[in-house]
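Open the model in your viewer and keep the selection panel handy.

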Amino acid sequence: LDESDKIWLGSEDHGIMSIDNRLRKSQFNSNNGLPKGEILSMLKDSQGNLWISQIGYGKAVFQIVPVKFNRFNKSNGLNTLVVRSICMDYISRLWVSGEESLELIEFEDTDRYLVKNVSSLNYLLDNDFKRIYYIYVDSRKWIWVATHNGTYIFDSSLRRIKKINTQNGLSHNSTISMAEDDEGRMWLVSLYHGATLVEIENESF
């Protein structure tokens, strides 16, 4: 659901569809330029551009504007073709999670999204991580990175604030989705053991 109350739906092999509050539908698929492949993640940036991550046929991340598809993959520095989650932070950097990688794309400008630099952030994670399920930016501008063995929290300068797992309160180490509520609390949904509510006081745990 975006700021204009459109619902965006991604499919396994039939592109994406939007439905507005009058139930009018719009679709992007192979008939109008979107290559075939399973949609894994979507986000809407501050300029109204839709970004998707896609698997199959050698694709990674796309930026969709009304009549144009911009592709981001190995040809412009991305090191993975399987992108499970994407997230745009408050300074318009794109966080990208691959099968076994965490990458950060910085742009020359955010009007045309020309790639300035692509950095691997694997060094920020413990050596035993294998898969990143989800990336989220909260209202504190913290970046939450959910992996198979716990969730990492970073600030915008890439300083690691905390890692949470079953040893300090998480219901299960594998978090597959998360969201922030109106009170600034984080809800982390696990793969097998329900959800964990994380309350943060005075910008700390």
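Select aspartate 20 to begin: this residue sits in the loop that joins strand E2 (16–19) to strand E3 (25–28), with strands being DSSP runs of at least two residues, numbered from the N terminus. This is a predicted model, where local features need pLDDT of at least 70, side-chain atom pairs count only at pLDDT 80 or more, and totals for chains, interfaces and linings use all residues. Residues are numbered from 1 along each chain as its sequence is written, and side-chain values use heavy atoms, leaving out hydrogens and water.

Is aspartate 20 buried or exposed? Its relative accessibility is 12%, so it counts as buried (under 20% relative accessible area; exposed is over 50%, partly exposed in between, with a 1.4 Å probe and protein chains only). Show the backbone nitrogen of arginine 22 too: a polar side-chain atom of aspartate 20 lies 2.9 Å away from this nitrogen.

Next, select tryptophan 51 and phenylalanine 107. Their ring centres are 6.0 Å apart and their planes meet at 50 degrees, so the pair is tilted (rings of Phe, Tyr and Trp, its six-membered ring, pair if their centres lie within 6.5 Å; under 30 degrees is stacked, over 60 edge-to-face, the rest tilted). Tryptophan 51 is buried at 0% relative accessible area, and phenylalanine 107 is buried at 11%.

Note on methods:
Helices (H or I, at least four residues) and strands (E, at least two) are DSSP runs, numbered from the N terminus. A polar contact is a pair of N or O atoms within 3.5 Å; within protein, one must be able to donate a hydrogen and the other to accept it, and residues adjacent in sequence count only if both atoms are side-chain atoms.
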